[in-house]
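Subject: Structure for you to look at

Hello,

Here is the structure I promised to pass on. Please open it and keep it on screen while you read my notes below.

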Amino acid sequence: MSFFTDRFARRIGGPAFGKSGEIFKFEAIKRAKRAAKLAHPDIELIDMGVGEPDEPAFPLACQALAAEASRTENRFYADNGIPEFKEAAARYLERVYSVSGLDPATQIMHGIGTKPVYSMLPLAFIDPGDVALVTVPGYPILGTHARYLGGEAYPLPLRAENGFLPDLDGIPPEVLSRAKLLYLNYPNNPTGACATEAFFRKVVDFAKRNRIVVVHDAAYAALVYGDAKPLSFLSVPGAMDIGLEVHSLSKSFNMTGWRLGFVAGNPEAIAAYAAVKDNVDSGQFRAIQKAGVEALAHPELTDAIAEKYSRRFDLLVAALRSAGFDAKKPSGSFYCYVRAPVAAGGHDRAAGVQNRAVCVQDRAAERARVTFSTAAEFSDWLIRERLVSTVPWDDAGPYVRFSVTFEAPTLADERRVIDELSRRLESARLEF
Ligand SMILES: Cc1ncc(COP(=O)(O)O)c(C=O)c1O
């Protein structure tokens, strides 16, 4: 037993912390990538697992940061944020989502990125025994922190047959009576589904009847395709009475590393978040908030990002379909979520692979049929045997997520990467 063994809190495993041998999913992916690269140093790894933009922030944000960084007045703790950022956020919500009438002073509060927001909201609402309703698969932070506080995260599975919307009518009354928070995220990571206004209206009604605070994660809200339009939960009548919406500049403005986002909505809920936040951090650097003001004034930047992703989705979906996946272009986000195959291989080499980039060295393995009982198994095989990285999800059926944020600086690169992906997947002879 080390000095620390019996010092760890139960919420992170107590004395068992670090000893379970269980590997966090993203760590397992990293390890598989390292192993594949080591085994095949000459073959390009196609990384379709990335969850962040492949391009840097736009020059106007960078220039604003450069200009503001050295200004004396920006040096102080920003605490709960500067008014200019709150005002810019209110104007942005009105312009992009037609959400009007928000009072920036009481209805908007920034976050140092939005991940910390999901760690703080449970502190404002969850006591031991309380329930947070969380969609799965999904971004886990709010549920994790609800559990840390002695609460419970109750999973609401997202299934294709429901358009990847949760079944609010199927929640047991005993769970509902303890539920205080409902976490939703549309456009959804990882399914790529968008919510409808009718669904949001139903959520408002459900939340009012059951006295549940709604937290809508709008991290991808402006990245939509086809007929889908950016839709804010706050635009639905009554939403402002019961909920909050969380916006991030990470994906909409290619500003992941900058750490900037904001929460908007009900003033009492904002005040509760602000009270907790005041005890957690001292605010994002003012110069970054001022760069955020510039970005928020240019929502057309997000349209340009969406146009690129849309083009990539067309290529990606065609490649996935030709390999046998039941792929459809999503209505939002930058993810294509497809059912994982049950097997690969099982063919004679002569019938298949011409391609030098595929791992043809091991001909015996190439012929062997491999079966997968989970998406995680398939994803691991795909990295090791085809050097294609994806993110697997097994929470509501076996699915893998392909992201269109893969590295490809030019149009020609984009096509080359997708052609290469196509060759590797087709040579895998996937069975569904
Ligand atoms: C669904 C979802 N919500 C929230 C976040 C957090 O974004 P950030 O902390 O960069 O604002 C992410 C990041 O991947 C995400 O996918």
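**Helix pairs**

The helices α5 and α6 cross in a right-handed way. This is a predicted model, so please read everything here as computed. Two packed helices are described by the angle between their axes and the distance between the axes. For α5 (residues 115-125) and α6, the angle is about 35° and the axes are 8 Å apart.

Which residues meet there? From α5 come K115, Y118, S119 and P122. They meet I141, L142, H145 and A146 in α6. By class, this contact has five nonpolar, two polar and one charged residues.

Now turn to a second pair. Helix α3 covers residues 83-97, and helix α12 covers residues 286-296. They pack at an angle of about 20°, with their axes 9 Å apart. Angles under 35 degrees count as roughly parallel, so α3 is roughly parallel to α12. The crossing of α3 and α12 is left-handed.

On the α3 side, look for E84, F85, A88, A89 and Y92. On the α12 side, look for Q289, K290, G292, V293 and L296. The residues of this contact divide into six nonpolar, two polar and two charged.

**Around the ligand**

There are 14 residues around the ligand. Which come nearest? They are T114, D217, S250, K251 and R259.

- S250: a polar side-chain atom lies 2.6 Å from an oxygen atom of the ligand.
- K251: an N or O atom of the side chain is 2.7 Å from an oxygen atom of the ligand.
- Y220: an N or O atom of the side chain is 2.8 Å from an oxygen atom of the ligand.

**Backbone details in loops**

Where are the cis peptide bonds I would like you to find? One joins V136 and P137, with omega about -5°. P137 sits in the loop between β3 (131-136) and α6 (141-148). Another joins N189 and P190, with omega about 15°. P190 is in the loop between β5 (179-185) and α8 (197-210).

Last, go to S98. This residue is not a glycine, yet its phi is positive, at about 55°. You will find S98 in the loop between α3 and α4 (104-107).

Best wishes

Key:
Residues are numbered from 1 along each chain as its sequence is written. This is a predicted model: local features need pLDDT of at least 70, side-chain atom pairs count only at pLDDT 80 or more; totals for chains, interfaces and linings use all residues. Side-chain values use heavy atoms; hydrogens and water are left out. Axes are lines fitted to C-alpha atoms, for helices over the stretch in contact, and angles run from 0 to 180 degrees between N-to-C directions. Helices (H or I, at least four residues) and strands (E, at least two) are DSSP runs, numbered from the N terminus. Angles under 35 degrees count as roughly parallel, over 145 as roughly antiparallel, 65 to 115 as roughly perpendicular and the rest as oblique. A crossing is left-handed if the near helix is turned anticlockwise from the far one by less than a right angle, and right-handed if clockwise. Contact means heavy atoms within 4.5 Å. Ala, Val, Leu, Ile, Met, Phe, Trp, Tyr, Cys and Pro count as nonpolar, Asp, Glu, Lys and Arg as charged, and the others, Gly among them, as polar. A residue is near a molecule or strand if one of its heavy atoms lies within 4 Å of it. A polar contact is a pair of N or O atoms within 3.5 Å; within protein, one must be able to donate a hydrogen and the other to accept it, and residues adjacent in sequence count only if both atoms are side-chain atoms.
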